[in-house]
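The paragraphs below lead from one to the next.

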Amino acid sequence: MSNVKSFDEAIQLLRNAVKYSTIENQKHIDLSLVNAGERLEYQKALMVVQSAVSRGEFSQAEVNEKLGII
């Protein structure tokens, strides 16, 4: 299990959980793609990313772009 220490590490980890939605040409983060033993690490990565958005360091649109969602 990795240990997320930075925003960039969190983004890299979360990119593994991005998948296409049932809605055409849309993607989202799906933690069901992650093994149960690693899920807590992905949840921590989500908190790192969302905290950066809350602090105004990145916009949600920038995060979505970095994740490959848009």
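**A walk through the predicted model**

Lys-19 is partly exposed, with a relative accessible area of 34%, where buried means under 20% relative accessible area, exposed means over 50% and partly exposed lies in between, for a 1.4 Å probe and protein chains only. The model is a predicted one, in which local features need pLDDT of at least 70 and side-chain atom pairs count only at pLDDT 80 or more, while totals for chains, interfaces and linings use all residues. Residues are numbered from 1 along each chain as its sequence is written, and side-chain values use heavy atoms, with hydrogens and water left out.

The side chain of Lys-19 meets that of Asp-30 in a salt bridge, at 3.2 Å from N to O; the term stands for a side-chain nitrogen of Lys or Arg within 4 Å of a carboxyl oxygen of Asp or Glu. Because Lys-19 lies in strand S1 (residues 18-20) and Asp-30 in the loop between strand S2 (27-29) and helix H2 (39-54), the pair ties together parts that are 11 residues apart in sequence. Helices (H or I, at least four residues) and strands (E, at least two) are here DSSP runs, numbered from the N terminus. Asp-30 counts as buried, at 15% relative accessibility. The structure holds two salt bridges, and Arg-55 forms one with Glu-57, the closest N and O atoms being 2.7 Å apart.

How do the helices H1 and H3 meet, and at roughly what angle do their axes cross? The axes of H1 (residues 7-14) and H3 (residues 60-67) come within 9 Å and cross at roughly 55°, which makes H1 oblique to H3. Axes are lines fitted to C-alpha atoms, for helices over the stretch in contact, and angles run from 0 to 180 degrees between N-to-C directions; those under 35 degrees count as roughly parallel, over 145 as roughly antiparallel, 65 to 115 as roughly perpendicular and the rest as oblique. Phe-7, Ile-11 and Leu-14 in H1 meet Val-63, Lys-66 and Leu-67 in H3, contact being defined by heavy atoms within 4.5 Å.

Val-49, in helix H2, counts as buried at 2% relative accessibility. Leaving aside residues up to four places away in sequence, Val-49 touches Phe-7, Ala-10, Ile-11, Leu-14 and Val-63. Val-49 and Ser-6 are 43 residues apart in sequence, yet their C-alpha atoms are 8.9 Å apart in space.

Phe-7 itself counts as buried, at 12% relative accessibility, whereas Phe-58 is partly exposed, with a relative accessible area of 21%. The structure holds one aromatic pair: the rings of Phe-7 and Phe-58 have their centres 4.0 Å apart and their planes at 5°, so the pair is stacked. Because Phe-7 lies in helix H1 and Phe-58 in the loop between H2 and H3, the pair ties together parts that are 51 residues apart in sequence. Rings of Phe, Tyr and Trp (its six-membered ring) pair if their centres lie within 6.5 Å, and planes under 30 degrees apart count as stacked, over 60 as edge-to-face and the rest as tilted.
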